[in-house]
Amino acid sequence: MIAKQYYIVAQHTDGTLVLAGANGTGAVGVLQNKPAVGAAALVRFLGTSKVVCSGTIAVGAWVTSASGGTAIATTTDKDTVIGRYLGVAAAATGDVIEVQLGIFTLSI
């Protein structure tokens, strides 16, 4: 696992964690620590979490992962949503935002 605190992660077929890809495919939560290789990773999947942002995210928007595990807004049918942005103003690339977690497949 790459030490990417506040990035969205997915579980690899071998059981290890990897950064989530585009559209949230396989997302299991958000990495809370910066584990060294072979050390335990702390992943949050309920409650709220900080997440590193890419692109513009409006307040209240559904959030999925961009390639590389960063958060991006989505309205795309069948994307895996990791939660909803809880800010008071729009977020931009590089911001660390607060997301109310709840993983599901968006159905529009």
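**Close-up views of a predicted model**

**View 1. Ala58 lies in the loop between β5 (48-52) and β6.** Helices (H or I, at least four residues) and strands (E, at least two) are DSSP runs, numbered from the N terminus. The structure is a predicted model, in which local features need pLDDT of at least 70, side-chain atom pairs count only at pLDDT 80 or more, and totals for chains, interfaces and linings use all residues. Residues are numbered from 1 along each chain as its sequence is written, and side-chain values use heavy atoms, with hydrogens and water left out. Ala58 has a relative accessibility of 43% and is therefore partly exposed; buried means under 20% relative accessible area, exposed over 50%, and partly exposed in between (1.4 Å probe, protein chains only). Leaving aside neighbours within four places in sequence, Ala58 is in contact (heavy atoms within 4.5 Å) with Tyr85 and Ala90. The C-alpha atoms of Ala58 and Ala91 are separated by 6.5 Å, although these residues are 33 residues apart along the chain.

**View 2. Ser49 is found in strand β5.** Ser49 has a relative accessible area of 1%, so this residue is buried. Not counting residues up to four places away in sequence, Ser49 touches Val30, Gln32, Arg44, Ile97, Glu98, Val99 and Leu101. With Gln32, the side chain of Ser49 makes a polar contact of 2.7 Å. A polar contact is a pair of N or O atoms within 3.5 Å; within protein, one must be able to donate a hydrogen and the other to accept it, and residues adjacent in sequence count only if both atoms are side-chain atoms.

**View 3. Strand β6 (residues 62-65) pairs with strand β8 (residues 80-85) in the antiparallel sense.** Two strands pair if DSSP finds at least two bridges between them, and β6 and β8 share 2 bridges. Opposite Val63 stands Gly83 in β8. Strand β6 also runs antiparallel to strand β7 (residues 71-73), to which 3 bridges join it. Ser65 has Ala71 in β7 as its bridge partner. The hairpin of β6 and β7 has 5 residues between the strands, and Gly68 in this hairpin takes a positive phi near 95 degrees.

**View 4. The structure holds 1 aromatic pair.** The rings of Trp62 and Phe104 have centres 5.1 Å apart and planes at 85 degrees, so the pair is edge-to-face. Trp62 lies in strand β6 and Phe104 in strand β9 (residues 96-105), so the pair ties together parts that are 42 residues apart in sequence. Rings of Phe, Tyr and Trp (its six-membered ring) pair if their centres lie within 6.5 Å; planes under 30 degrees apart count as stacked, over 60 as edge-to-face and the rest as tilted. Trp62 is partly exposed at 28% relative accessible area, and Phe104 is partly exposed at 31% relative accessibility.

**View 5. Arg84 lies over the face of Trp62.** The distance from Arg84 to the ring centre is 3.9 Å. A charge sits over a ring if NZ of Lys or CZ of Arg is within 6 Å of the ring centre and within 35 degrees of the ring normal. Lys4 lies over the face of Tyr7, at 5.1 Å from the ring centre.

**View 6. Lys78 and Asp77 form a salt bridge through their side chains.** The N to O distance is 3.8 Å, and a salt bridge is a side-chain nitrogen of Lys or Arg within 4 Å of a carboxyl oxygen of Asp or Glu. A search of the whole structure finds 1 salt bridge. Lys78 is exposed at 57% relative accessibility, whereas Asp77 is partly exposed at 33% relative accessible area.
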